Amino acid sequence: MDHSQLKDKINTFFKSYEHQFNSSLAGEADLDAIANFYTEEFIAANPNGVKAGENNDQLKKAMDKGYEYYRLIGTKEMKCQNIDIIPLDGQHVVADTDWQATYLKEEKEIVIPFTSNYLIQFREGQPKIFGWVTGDETQVLKENGII
């Protein structure tokens, strides 16, 4: 797959990911579809540490609670603004994503930009997330008066 094809597949993947995330914010989560974005095991890193997890029913329950929390704090939309890819080999890429999160707090709309790096593995030609690296989300939410 050449760079252009990789970029197209990753863009399509994240458009679907964004759609599922926003459906979940609207209370219409398809947890099976969301879990399908991930490999059977994955890693997550942020300034507070690194965690490993499994793609199972426990993950779906955690995702459901996570979306409930996002709704509770006023999250209205997540929009993927830009994606740069770094091919690592024929099966793996890093997707450097720029997002815009929109919150409603005391009838005021607050927009917060953030970045996430996703580790992607291609399986049968389709991308799957096996890891991600983010900043300190809680700190950013506090700094912007969301929590």
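Helices (H or I, at least four residues) and strands (E, at least two) are DSSP runs, numbered here from the N terminus. This is a predicted model, in which local features need pLDDT of at least 70 and side-chain atom pairs count only at pLDDT 80 or more, while totals for chains, interfaces and linings use all residues. Residues are numbered from 1 along each chain as its sequence is written, and side-chain values use heavy atoms, with hydrogens and water left out.

**Helix α1**

- Helix α1 covers residues 3-25, which makes 23 residues, and spans 32 Å from its first C-alpha to its last. That is close to the 33 Å expected at 1.5 Å a residue, where the expected span is 1.5 Å times one less than the number of residues.
- At the start of α1, a side-chain oxygen of Asp 2 comes to within 3.1 Å of the backbone nitrogen of Ser 4.
- The buried residues of α1 include Leu 6, Ile 10, Phe 13, Phe 14, Tyr 17, Glu 18 and Phe 21. Buried means under 20% relative accessible area, exposed over 50%, and partly exposed in between (1.4 Å probe, protein chains only).
- After α1 comes Gly 27, with a positive phi near 85°.

**Salt bridges**

- Side chains of opposite charge can pair when their charged atoms come close. A salt bridge here is a side-chain nitrogen of Lys or Arg within 4 Å of a carboxyl oxygen of Asp or Glu, and a search of the whole structure finds four.
- Glu 18 and Lys 79 meet through their side chains in a salt bridge (3.9 Å, N to O). Glu 18 sits in helix α1 and Lys 79 in strand β3 (residues 75-87), so this pair ties together parts that are 61 residues apart in sequence.
- Glu 18 counts as buried, at 9% relative accessibility, whereas Lys 79 is partly exposed at 31%.
- Lys 15 joins Glu 18 and Lys 79 in a network of salt bridges.
- Asp 32 pairs with Lys 60 in a salt bridge whose closest N and O atoms are 2.4 Å apart. Asp 32 belongs to helix α2 (residues 31-35) and Lys 60 to helix α3, so 28 residues separate these distant parts of the chain.- Arg 123 and Glu 40 form a salt bridge, with their closest N and O atoms 3.0 Å apart. Because Arg 123 lies in strand β5 (residues 108-123) and Glu 40 in strand β1 (residues 38-46), the pair ties together parts that are 83 residues apart in sequence.
- Both partners are partly exposed: Arg 123 has a relative accessible area of 31%, and Glu 40 has 48%.

**Aromatic pairs**

- The structure holds 15 aromatic pairs. Rings of Phe, Tyr and Trp (its six-membered ring) pair if their centres lie within 6.5 Å; planes under 30 degrees apart count as stacked, over 60 as edge-to-face and the rest as tilted.
- Phe 21 and Tyr 70 make a tilted pair, 5.7 Å centre to centre with 45° between the planes. Phe 21 is in helix α1 and Tyr 70 in helix α3, so the pair ties together parts that are 49 residues apart in sequence.
- Phe 21 and Tyr 70 are both buried. Tyr 70 also forms a tilted pair with Tyr 69, at 6.1 Å centre to centre and 50° between the planes.
- Ring pairs also link residues into a cluster, among them Phe 13, Phe 14, Tyr 17, Trp 99 and Trp 132.

**Surface patch**

- Tyr 69, found in helix α3 (residues 57-72), is partly exposed, with a relative accessible area of 36%.
- Together with Leu 72 and Ile 147, Tyr 69 forms a nonpolar patch on the surface, with about 320 Å² of accessible area. Patches are made of residues with over 30% relative accessible area and no salt bridge: like charges are joined within 9 Å, nonpolar side chains (Val, Leu, Ile, Met, Phe, Trp, Tyr) within 5 Å.

- Glu 106 has a positive phi of about 50° although it is not a glycine. Glu 106 lies in the loop between β4 (92-105) and β5, and is exposed at 74% relative accessible area.
- Glu 124, in the loop between β5 and β6 (126-134), has a positive phi of about 50° and is not a glycine. Glu 124 is exposed, with a relative accessible area of 85%.
- Ile 146 is placed in the segment after α4 (137-143) and counts as buried at 2% relative accessibility. Ile 146 and Leu 104 are 8.5 Å apart in space, C-alpha to C-alpha, and 42 residues apart in sequence.

Terms used: Polar contact = N/O pair within 3.5 Å; in protein donor to acceptor, adjacent residues only side chain to side chain. Areas by Shrake-Rupley, 256 points an atom, 1.4 Å probe, with all protein chains shown as cover.
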